[in-house]
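Please read them with the structure open.

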Amino acid sequence: MLLKETQETLRSTLKKYFGYDDFREHQQEIIESVLSKKDNLVIMPTGGGKSICFQLPAILFEGVTLVISPLIALMKDQVDGLNANGIPANFFNSSQESQEQHAIFEKVIHKEIKLLYVAPESLSLLDNILNEEFISCVAIDEAHCISSWGHDFRPSYQQLGFLKTTLPNTPIIALTATADKATRQDILKQLNIPKATRFLTSFDRENITLEVRPANDRVLQIIKFIRKKPNEAGIIYCLSRKSTEQLASKLQQNGIKAAAYHAGLNFAERTKTQEDFIYDKVEVVCATVAFGMGIDKSNVRWVIHYNMPKNIEGYYQEIGRCGRDGLKANALLFHSYSDVIQLRKFASGASNEEVQIAKLERMKQFSEATTCRRKILLSYFGELLATNCGNCDVCKNPPQFFNGTIIAQKALSVITRLKESEAIGTVIDVLRGANNATIIDKQYDKLKSHGIGSDISWRDWQQYLIQLTNQGYCEIAFHKNNALRLTSFSKKVLFENEVVNLTRPIEYKEQVKVQKEI
Ligand code: ADP
Ligand code: ZN
């Protein structure tokens, strides 16, 4: 606890330079900790107010606060914003003329600026000022970039460990919105600040209702969803540029004010869509993850994931773009088996393939959960929710289990007959007794089990097979054409009559009138 005068100084500085009357959760504690020269790790969701945690101490410190940031493109805006608030700040990069760089050094040496923004690549050019005589604090923004466990690893961040060695008595404040437990540990280790005080602001966004549905007839489901929410703004995230455009045009054909947004559009087109959305001329933006970064629109009421995101960090960040005004909002995710396969393909061959696949696996578990989804989501960020949230689809509609042993036996025996060499589609075709070209070609129609599951619809089979995979009764050989294979548990079902519990597939029977064929 600081002296009363000091607390008053903090508040008056907040008011004077930033115009706010009160600190938000944790801001004051963090600022006090920085001012007392401790190292800190701050985990706070996007929009939580991280910047003030280092900008306000920077004003009060005598020397300069060095801000390491990966986003050169945003540095100028940040510096302009600070200057406009009467806080002297600069950014430094390798593209500046040496004269300009020199002028910046002079300002640092004479303590004429409070903050200096720099990309990690340019740090090596700062030798002559990296000295405790001039530097009072080091802030490392987007600190998760240091870790190959993070979702946005940047090799240039990995050399930052030298800062603590070079400036041993200077407080470091590392900030990030997205760090799971492993990433957090790695940040502390790599920055050489094992004793840093950790501040974790809650990631819970109680006002957002979480829901996951199987991705059957997605477009129909989306049209139905939007028609129930007239005049509400929403974002639909898609995996590919092409699908943003296709979806937007299908929605338009159905009378919905929709637009597409992706990095392949030119600057003018993107700006127009952003502005149309902000000023409510467009209600729905079908976008790739490129959309939303700098968009400050507090009344986005819903976010739909047309495709599954590649990790929970991304999912969380994207759903966080709705309900920023604190009012009720909805996040709907479509879960599809083929998305998982697609995302696996993207991950394979990446330098951190293993990490990406582990993260995808967590995303998949979230999508297929039969327990409170918010609990799963928050536990990913290291937060424990004591009770079920009551505001997710699982809480609202707990799955009803039934004895699905016979269904499981039928599926597993077909997989056996197919010599564990076929993917889900063909397995279902054989179960249902289809006679298409592949089936005839491969003579699967001659199998004894051809058609043993014809009483169950294609879609229901799809969901049952996914459930069986999740429960470990069969597995997908991702490196062998996604063939369904048996596991050691399969035998228990096939030969020892082990009871398998399944849940009834969800049905979406309600009819939607669609203007054009989709
Ligand atoms: P982050 O970096 O965590 O995403 P920012 O630092 O950009 O978030 O802050 C998000 C928004 O919240 C900004 O518009 C900022 O001015 C505002 N903000 C920060 N602290 C406060 C506060 N104490 N009171 C009101 N608004 C605040
Ligand atoms: Zn819940």
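1. Is Tyr 117 buried or exposed? This is a predicted model, and in it Tyr 117 is buried, because 25 other C-beta atoms lie within 10 Å; the cut-off for buried is 20 or more. The residue sits in strand β4, which spans residues 115-118.

2. What does Tyr 117 touch, leaving aside its neighbours within four places in sequence? The contacts are Val 67, Ser 69, Met 75, Gln 78, Val 79 and Phe 91. Ile 256 is another matter. Tyr 117 and Ile 256 are separated by 139 residues in sequence, and their C-alpha atoms are 43 Å apart in space.

3. Next, the ligand. Ligand 1 is surrounded by 13 residues. The closest are Tyr 20, Gly 48, Gly 49, Lys 50 and Ser 51. By class, the shell around ligand 1 has four nonpolar, six polar and three charged residues.

4. Helix α17 covers residues 424-432 and is mostly covered, with seven of its nine residues buried. Which ones are buried? They are Ile 424, Thr 426, Val 427, Ile 428, Asp 429, Val 430 and Leu 431. Note that Asp 429 and Thr 426 are among them.

5. The buried residues of α17 pack against several elements. Four are helices: α12 (337-347), α16 (405-417), α18 (437-441) and α19 (458-470). The strand β16 (483-486) is also a partner. Just after α17 comes Gly 433, with a positive phi of about 75°.

6. How do α17 and α19 cross? Their axes come within 10 Å and cross at roughly 125°. The crossing is right-handed.

7. The contact itself can be listed by side. From α17 come Ile 424, Val 427, Ile 428, Leu 431 and Arg 432. From α19 come Trp 458, Trp 461, Gln 462 and Leu 465. The residues of this contact of α17 with α19 divide into seven nonpolar, one polar and one charged. A reminder on spacing: an α-helix has 3.6 residues a turn, so residues three or four places apart point the same way.

8. α16 and α20 pack at an angle of about 115°, and their axes are 9 Å apart. The crossing of α16 and α20 is left-handed. On the α16 side, Thr 405, Ala 408, Gln 409, Leu 412 and Ser 413 take part. They meet Ser 490, Val 493 and Leu 494 in α20. The residues of this contact of α16 with α20 divide into four nonpolar, four polar and no charged.

9. Backbone check. Most residues other than glycine have a negative phi. Asn 482 has a positive phi of about 60°, although it is not a glycine. Asn 482 is in the loop between β15 (474-477) and β16. Asn 482 counts as partly exposed because it has 17 C-beta neighbours inside 10 Å.

10. Asn 497 also calls for a check. Its phi is near 55°, a positive value in a residue other than glycine. Where is Asn 497? It lies in the loop between α20 (488-495) and β17 (501-503). Asn 497 has 10 C-beta neighbours inside 10 Å, so it counts as exposed; the cut-off for exposed is 12 or fewer.

Conventions
Residues are numbered from 1 along each chain as its sequence is written. Chains are lettered from A and ligands numbered from 1 in the order in which they are written. This is a predicted model: local features need pLDDT of at least 70, side-chain atom pairs count only at pLDDT 80 or more; totals for chains, interfaces and linings use all residues. Helices (H or I, at least four residues) and strands (E, at least two) are DSSP runs, numbered from the N terminus. Two residues are in contact if their C-beta atoms, placed from the backbone, lie within 7 Å. Axes are lines fitted to C-alpha atoms, for helices over the stretch in contact, and angles run from 0 to 180 degrees between N-to-C directions. A crossing is left-handed if the near helix is turned anticlockwise from the far one by less than a right angle, and right-handed if clockwise. Ala, Val, Leu, Ile, Met, Phe, Trp, Tyr, Cys and Pro count as nonpolar, Asp, Glu, Lys and Arg as charged, and the others, Gly among them, as polar. A residue is near a molecule or strand if its C-beta atom, placed from the backbone, lies within 6 Å of it.
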